[in-house]
Amino acid sequence: MSAHRLSVGFTLRALGCAAALFAASALSSLAGAEEVKIGFLVKQAEEPWFQTEWAFAEKAGKDKGFTVIKIAVPDGEKTLAAIDTLAANGAKGFVICPPDTSLGPAIMAKARLNGLKVLAVDDRFVDAHGQPMEDVPYVGLAAFKIGQKQGLAMVEEAKRRGWDLSATYAVINTFDELDTGKKRTDGSVDSLKAAGLPADHILFTAQKTLDVPGSMDATNSALVKLPGTATHLLIGGMNDSAVLGGVRATESAGFKAANVIGVGINGTDAIGELKKADSGFFGSMLLSPDTSGYETARQMFEWVTTGKEPAKYTALDNVTLITRANFQQELTRIGLWK
Ligand code: FCA
């Protein structure tokens, strides 16, 4: 009798424990589902390109139910501190466009220490020997190919305007520290040469900083080297800022908009410029910020929740030339027209 009571009591207690355990685990998995956090770290938060990536990452977060912690990381110190902040806030991984690709090994060491997964976007990490860190998943541009399309867009517009190549010169703002930058300008120049622009009509000028003032300075120092016969100009560079500053320099040097063809890359940073009735900034190769922002965030979410690692290398090659003629329509298509 007493043994029976004992066993009933034991069974009830065991059932109670099991129920409590079940409730606790259901609660924690519920909380877990609500609480997935990922970081999205960008080198130049002031650039519309990166603001657009952030906006698309947040859209993915809304759609799939995760939180995006956005942090601007303009230098190495802020980058490493941001990784600690993410870990302290319970993030499980992050997408990053680093301020300096050679920070790759330091970023990976810090992330490993904190148990965070890493997906690089736009700018690929390089190791201590300057080699790409191919084991870190990366989503970036098919940069040479996109550069070729930018160069082609410039020469096609020059032909359409009936420019004489003997009076046409190109100023290419370069940022060779960044592999995706060098490949873009190399690709662009490849198209200019293929179209018959003589090599000595192409002036390369290095940007000290990757922004509008940096490209304006770079172009200014090239313009003074042009011969007097240079009446028509093509302005190239790795992104919209690299070309916008260049075009501003041609304006201060007295070149009329009709004699300048600048074509940028990104599209996102050229919207205000294209809204102006006319300028030497002819157009931009609109990339896919929806992919670079939405897809990278979604892939990181999937990685931390299901263990599915993103591809080691995704090369984005989808571009559309936007000019004053079609930019509203193209930006509307990807939800960027305001
Ligand atoms: C680099 C540039 C950005 C953008 C991106 C795709 O990070 O700095 O402006 O072009 O690649």
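A cavity is a set of points, on a 1 Å grid over the protein atoms alone, where a 1.4 Å probe fits but cannot get out. In this predicted model, local features need pLDDT of at least 70, side-chain atom pairs count only at pLDDT 80 or more, and totals for chains, interfaces and linings use all residues. Residues are numbered from 1 along each chain as its sequence is written, and side-chain values use heavy atoms, without hydrogens and water. The ligand takes the space of the largest cavity, where a molecule sits in a cavity if more than half of its atoms lie within 2 Å of its grid points.

**The cavity**
- The whole structure holds one cavity of 30 Å³ or more.
- The volume of the largest cavity is about 120 Å³, a volume being the space filled by probe spheres set on the points.
- Its lining has 14 residues, and Trp49, Phe50, Arg184, Met238 and Asn266 are the closest to its centre; lining residues have an atom within 4 Å of a point.
- Because domain 1 (37-136 + 289-316) and domain 2 (143-286) both give residues to the lining, the largest cavity lies between them; the domain bounds come from an automatic or database domain assignment.

**Ligand contacts**
- An oxygen atom of the ligand lies 2.7 Å from a polar side-chain atom of Glu47.
- For the side chain of Arg184, an N or O atom is 2.8 Å from an oxygen atom of the ligand.
- For the side chain of Asn239, the corresponding distance is 3.0 Å.

Conventions: A polar contact is a pair of N or O atoms within 3.5 Å; within protein, one must be able to donate a hydrogen and the other to accept it, and residues adjacent in sequence count only if both atoms are side-chain atoms. On a 1 Å grid over the protein atoms alone, a cavity is a set of points where a 1.4 Å probe fits but cannot get out, and a pocket is an open set with protein on both sides within 12 Å along at least five of seven lines; lining residues have an atom within 4 Å of a point.
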